[in-house]
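Reader: I would like to learn how to read helix packing, salt bridges and surface patches in a model. Please take them one at a time.

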Amino acid sequence: MIGSKTTMVGLFGRPVAHSLSPLMHNAAFEYQQLPFAYAAFEIQNDQVKEAVEAIRALGMRGVNVTIPHKVAVMPYLDRIDPLAERIGAVNTIVNEQGELIGYNTDGAGFVRSLVEETEIELRDLTITMLGAGGAARAVACTLAEAGVQKINIVNRSLGRAETLASFLSPMVAVEVLPFTQAKEAVAESSLLINTTSIGMFPHMEEMPVESECLRQDLIVSDLIYNPLETKLIQQAKERGAVHHSGVGMFINQGALAYELWTGQAAPVNKMREIVLQHLQQGGN
Ligand code: NAP
């Protein structure tokens, strides 16, 4: 129950009304009987500085940051964790007695859930990643740090893919390809990751690559979790490929933020249960 000793955390973004983070975090706090509460705050672009300062002024323990403010919050923080610095975006802020520290748990959340769910060995792997946006950058940077051998970046806008490739190239071998060469890129890969929004609600009939690309020995991962099973994941399943949906990343990026705020292991199973329950009921 919220009371005078409740520690506040929350979400800064725009829009935020659709977010499952308040549901997931509040269920976890309640489950572990922690005196925390999580609220969603819709922040206008010209109010980012004031919003970050409010974390300190109100004595909040921290916030998650989502689109479109993950980069915009950075100049107003006191310190940025090295991984978030390399990714160039912050999705979690922690207030350590007035010092605001920025972290990025997106990439680590993705890798933690991918490894747990598929038992994949990342070292020396060749990967094809569809997309070159913010999520792609966090995922690719974390995969590069995990020791993968090569990342093929397939993107609609080649300029954006080139920018990501030049950022990654000191860490890992990278190749940029257009969608017309996706088939060849996937053929030399053991893992395919969709980080584009192709196939997301309400465009659930869309597929980012032809289903012929999906082989039994390919691991197929989709960052999208609404729907829970995208057409890409359905096709991968039909072809006998190991598959991994975006819900694990969502839960684990939240769990890592929870752990930073509370200093306690997150009740990941409880968080998964509440999110799946909501998504299976057709919530979006
Ligand atoms: P973003 O920065 O806007 O990037 C979007 C990416 O999708 C870009 O590569 C864009 O290509 C591509 N794209 C969008 N529409 C396309 C289309 N019709 N055809 C071809 N390419 C298209 O967004 P983001 O933050 O990276 O998010 C990307 C996806 O990841 C979303 O579906 C989001 O829901 C998901 N995500 C999931 C989690 C999770 O926890 N599971 C976390 C973050 C994001 P261009 O560069 O050519 O525009």
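**Reading the features**

Author: Start with a pair of helices: α5 passes α6 in a right-handed crossing. A crossing is right-handed if the near helix is turned clockwise from the far one by less than a right angle, and left-handed if anticlockwise. Helices here are DSSP runs of H or I with at least four residues, strands are runs of E with at least two, and both are numbered from the N terminus.

Reader: What should I know about the model and its numbering?

Author: This is a predicted model, in which local features need pLDDT of at least 70 and side-chain atom pairs count only at pLDDT 80 or more, while totals for chains, interfaces and linings use all residues. Residues are numbered from 1 along each chain as its sequence is written, and side-chain values use heavy atoms, with hydrogens and water left out.

Reader: At what angle do the axes of α5 and α6 cross?

Author: Two packed helices are described by the angle between their axes and the distance between the axes. Here the axes of α5 (residues 134-145) and α6 (residues 158-168) cross at roughly 25 degrees and come within 11 Å. That makes α5 roughly parallel to α6. Axes are lines fitted to C-alpha atoms, for helices over the stretch in contact, and angles between N-to-C directions run from 0 to 180 degrees. Angles under 35 degrees count as roughly parallel, over 145 as roughly antiparallel, 65 to 115 as roughly perpendicular and the rest as oblique.

Reader: How do α4 and α9 cross?

Author: The axes of α4 (residues 106-118) and α9 (residues 247-262) come within 7 Å, at a crossing angle of roughly 120 degrees. That makes α4 oblique to α9. Their crossing is right-handed.

Reader: Next, salt bridges. How many salt bridges are in the whole structure?

Author: Side chains of opposite charge can pair when their charged atoms come close. The search of the whole structure finds 14 salt bridges, each a side-chain nitrogen of Lys or Arg within 4 Å of a carboxyl oxygen of Asp or Glu.

Reader: Which residue forms a salt bridge with arginine 61?

Author: Arginine 61 pairs with glutamate 96, with 3.4 Å between the closest N and O atoms. Arginine 61 lies in the loop between α2 (48-57) and β3 (62-65) and glutamate 96 in strand β5 (residues 92-96), so the pair ties together parts that are 35 residues apart in sequence. Arginine 61 is buried at 18% relative accessibility, and glutamate 96 is partly exposed at 35%. Buried means under 20% relative accessible area, exposed over 50%, and partly exposed in between (1.4 Å probe, protein chains only).

Reader: Which residues are linked with Lys150 in a network of salt bridges?

Author: The network links Lys150, Glu175 and Glu188. Lysine 150 meets glutamate 175 at 2.7 Å, N to O. That pair links strand β8 (residues 150-154) with strand β9, 25 residues apart. Glutamate 188 forms a salt bridge with lysine 150 at 2.8 Å between the closest N and O atoms. Lysine 150 is buried, with a relative accessible area of 17%.

Reader: Last, the patch. Which residues make the nonpolar surface patch?

Author: Met200, Phe201 and Met204 make a nonpolar patch of about 250 Å². Patches are made of residues with over 30% relative accessible area and no salt bridge, where like charges are joined within 9 Å and nonpolar side chains (Val, Leu, Ile, Met, Phe, Trp, Tyr) within 5 Å. Accessible areas come from the Shrake-Rupley method with a 1.4 Å probe; for residues, only the protein chains shown count as cover. Phenylalanine 201 is partly exposed at 38% relative accessibility.
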